[in-house]
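Here is a brief report on one chain. It goes from the overall fold to single residues.

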Amino acid sequence: MEYWSWRVFALALAIQIIRCIRRYGLRNLRRSLRLWGEGVTPKQRRENLVALGVLLTLAVIGVLFWLIP
């Protein structure tokens with residue numbers, strides 16, 4: 001029996017993104033995810049780069065597990 005499903009993960013991630021957009025608005029969400037531009041502090045840039053690195057790492061691990069027969 002499979003205990004973990006990619007569909008459940010994708011659904012949970014989509015729900016969290018929708019909740020965040022509804023709470024803060026799409027414009028504020030996009031503004032908080034910027035890496036450069038007017039009003040971006042070094043702390044915000046560093047936090048966003050770390051988060052981007054974590055997401056890319058998870059994507060690479062997911063692809064590697066997907067390629068395993």
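What percentage of the 69 residues of the chain counts as buried? The figure is 7%. Buried means under 20% relative accessible area, exposed means over 50%, and partly exposed lies in between (1.4 Å probe, protein chains only).

This is a predicted model: local features need pLDDT of at least 70, side-chain atom pairs count only at pLDDT 80 or more, and totals for chains, interfaces and linings use all residues. Residues are numbered from 1 along each chain as its sequence is written, and side-chain values use heavy atoms, with hydrogens and water left out.

**Overall fold**

The chain has 3 helices and 0 strands. Their order from the N terminus is α-α-α. The radius of gyration is 16 Å, well over the 11 Å that the globule rule gives for 69 residues, so the chain is more spread out than a compact globule. That radius is taken over C-alpha atoms, and the rule is 2.2 Å times the number of residues to the power 0.38. Helices (H or I, at least four residues) and strands (E, at least two) are DSSP runs, numbered from the N terminus. Along the principal axes, the C-alpha atoms fill a box of roughly 50 × 25 × 15 Å.

The chain exposes about 6,700 Å². Carbon and sulfur atoms supply 69% of that area. Accessible areas come from the Shrake-Rupley method with a 1.4 Å probe; for residues, only the protein chains shown count as cover.

Helix α3 covers residues 42-67 and holds Asn48. Trp66 is also placed in helix α3.

| Residue | Relative accessibility | Class |
|---|---|---|
| Asn48 | 14% | buried |
| Trp66 | 70% | exposed |

Which residues does Asn48 contact, leaving aside its neighbours within four places in sequence? They are Ser32, Leu33, Arg34 and Leu35. Contact means heavy atoms within 4.5 Å. Asn48 and Leu33 are 15 residues apart along the chain, and their C-alpha atoms are separated by 6.4 Å.
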